[in-house]
Amino acid sequence: MGSLKGSLGEENKGNREALTFGLFGLVFLGLYWWLGFDGITFSDDVYYMLAGKEFWTGDFQVNDHHFSSRWGAYIPAGLMGLIFGFSPQSMSLVSLLSYGLSLLLLLKILPKGNSPFILCIWFVTQVYFLHFLTKVYPDSLLVVCVSLTLFAAVIRKDQPLASGVLMSLALFFGFISKETIIFLFPLPFLLFYVDQRSKMGNWGFYRSLLLTGLALSALYLGYFWLNFGDPLYRISSINAGHYISEFTYADKGLGAILERLTITPFLTFVERNYWPWLIFALPGLVWSLKSKSGKGFEIALGFLLLLLGFWFMSSTLDFYNPIYLNPRHLIILIPPLAYLISLGWNFWNSSNSWKLVLTAALIFGLGIAGFQQDFKNAGFLLAFIPVIWLRKISLQYLLLALLLVLPGLFSVYYQKQTKGYDQFISTFTESIQTAEKEEIILVNNFVYFSKDILFPQKNQTQNWVSIEKIDSLRGYPPQQLKVMIYNYYLHAYPKEAEDVRALEKWLETEYQFTDSKKEGLVEISTYSKVPH
């Protein structure tokens with residue numbers, strides 16, 4: 001009787017800890033989303049937000065642009081906009097929901113005896129993971145799709161029918177959000193192999209998985225067959241969307257491909273601050289794969305599939321071109337990594353051999369950071385070594401929390417200082433309101449690209465011209481010009497400097513300067529035509 005009460009007490013304590021730290025994680029994410037919003041990225045997120053808005057207002061049609069078929073990337077975001085208003089922050093609420101649900105799912109399947117604090121603190125603090133919490137990108141939605149897939153894999157023995165349906169839905173929704181989810185497509189086959197080897201069978205899970213998957217695939221392929229005459233239209237549009245850039249490798253020769261497959265992943269993981277997550281997940285990964293029991297084995301398999309996919313997958317089926325390791329894409333590694341870190345934390349804490357392995361791996365990453373002359377990152381990695389060797393758990397947890405939380409908070413300050421987004425919006429809005437009705441206004445290319453989401457009233461931007469289109473004004477140059485330059489381009493879009501120089505040269509020969517003002521990162525100048 002006493003042992004039963006003791007076990008129930010331990011279980012209740014574990015549940016309270018999971019609830020407490022789960023609540024902490026949700027509050028932290030919510031506050032970061034609310035206070036850490038630093039605006040849009042002036043890139044693909046503009047397309048997704050506009051598509052989401054147009055979908056819910058009835059103005060959107062799927063076309064040959066492969067983003068238009070990523071329904072999961074913009075329909076949920078558009079729904080948030082419909083409910084709360086079509087502002088960038090309101091629409092990014094879908095990312096917060098994705099992260100929050102993922103955290104709860106991971107806590108739900110965390111085995112007793114493993115720290116919910118460790119899982120939560122590693123889940124909510126990676127800087128790129130947090131950066132895209134306030135953005136509208138499909139990668140943020142894939143976070144919950146990955147978590148749901150792994151959750152379904154873990155519970156498949158206890159709830160075979162429901163987990164089969166859930167895994168099919170998660171993979172399907174992930175695929176219609178972004179194709180990266182295909183890295184997890186082999187997971188059901190690996191699970192089937194493992195289950196048959198262990199004589200588990202578990203046929204209910206695989207039947208529901210297969211039937212649900214076939215039904216969803218038939219609907220998906222049938223849609224493209226009926227509307228475009230080709231059930232594989234989606235794949236064709238992805239291949240057609242491939243283009244040569246600084247982030248492609250096949251066009252640069254075998255040497256570039258080999259470098260991408262050998263050196264670049266390590267440089268990227270260190271430079272983009274994924275290295276500590278990967279290193280501290282190692283003990284949990286190894287233990288899970290060796291034991292093939294508990295709830296870590298499925299998570300470990302899922303993580304390895306994601307890692308191998310990022311490392312070796314091609315961006316096109318026409319030829320081999322390894323995908324670019326964009327730090328935004330890598331955020332879907334965080335759910336399995338945080339789980340594996342929590343799973344292995346007690347394991348390595350009681351093993352000096354593992355402590356030496358972790359220390360050596362951190363020193364290796366420190367060496368890479370030093371080679372890149374990234375001394376701030378080197379210091380960050382160095383600070384984790386005392387975490388490994390501290391014997392007092394309370395001090396270890398305190399130092400760990402400071403190390404993980406402070407960079408995320410500093411990134412908010414850094415982004416706001418670097419971007420000056422709020423002042424940019426207010427300054428542009430004020431200038432638009434005081435502009436003459438027919439006044440031509442020249443703006444940065446990336447600002448012009450984003451005008452419909454930033455300033456949705458058509459009369460606000462109808463006289464805007466992007467600086468790359470100044471040739472359109474040469475034939476009939478206006479008598480008056482206003483130039484509004486947002487100097488954030490120097491940080492985010494340095495290639496626009498060439499267009500800025502071309503603009504300045506043209507203005508020097510055709511116009512005379514009349515007035516200017518500077519507000520933060522925004523420079524507004526007016527010019528009058530030089531009489532000839």
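**Labels and their grounds**

Reply: In this predicted model, the side chain of arginine 156 comes to 2.7 Å from the backbone oxygen of alanine 153.

Me: Why is arginine 156 called buried?

Reply: Its relative accessibility is 2%, and buried means under 20%. Arginine 156 therefore counts as buried. The residue is placed in the loop between helix 8 (138–155) and helix 9 (160–175).

Me: Which residues is arginine 156 in contact with, leaving aside neighbours within four places in sequence?

Reply: They are Ser163, Leu191, Asp195, Asn202, Phe205, Tyr206 and Glu298. Each of these has heavy atoms within 4.5 Å of arginine 156.

Me: Why is arginine 197 called exposed?

Reply: Exposed means over 50% relative accessible area. Arginine 197, which belongs to helix 10 (residues 187–197), has 60% relative accessibility and therefore counts as exposed. Its side chain also forms a polar contact of 2.6 Å with the side chain of tyrosine 193.

Me: How do you know that domain 1 and domain 2 touch?

Reply: The domain assignment gives domain 1 as 1–418 and domain 2 as 421–529. Contact means heavy atoms within 4.5 Å, and 16 residues of domain 1 are in contact with 16 residues of domain 2. The C-alpha centres of the two domains lie 39 Å apart.

Me: How much area do domain 1 and domain 2 bury between them?

Reply: The buried area is about 1300 Å², with 67% of it on carbon and sulfur atoms. On the side of domain 1, Phe42, Leu50 and Thr418 lose the most area to domain 2, together 44% of what that side buries.

Me: Which polar or charged links are counted between domain 1 and domain 2?

Reply: The count of salt bridges is zero, whereas two residue pairs are in polar contact across the interface. Helix 2 (44–56) and helix 21 (393–419) each give two or more residues to the side of domain 1 that touches domain 2. The largest share, four residues, comes from helix 2. The residues of that side divide into eight nonpolar, four polar and four charged.

Notes
Residues numbered from 1 in each chain as written. Predicted model: local features only at pLDDT ≥ 70, side-chain atom pairs only at ≥ 80, totals over all residues. Heavy atoms only, no water. Domains from an automatic or database assignment. Buried area = accessible area lost by both parts, 1.4 Å probe. Salt bridge = Lys/Arg side-chain N within 4 Å of Asp/Glu carboxyl O. Polar contact = N/O pair within 3.5 Å; in protein donor to acceptor, adjacent residues only side chain to side chain. Nonpolar A, V, L, I, M, F, W, Y, C, P; charged D, E, K, R; others polar. Buried < 20%, exposed > 50% of the residue type's maximum accessible area, 1.4 Å probe, protein only.
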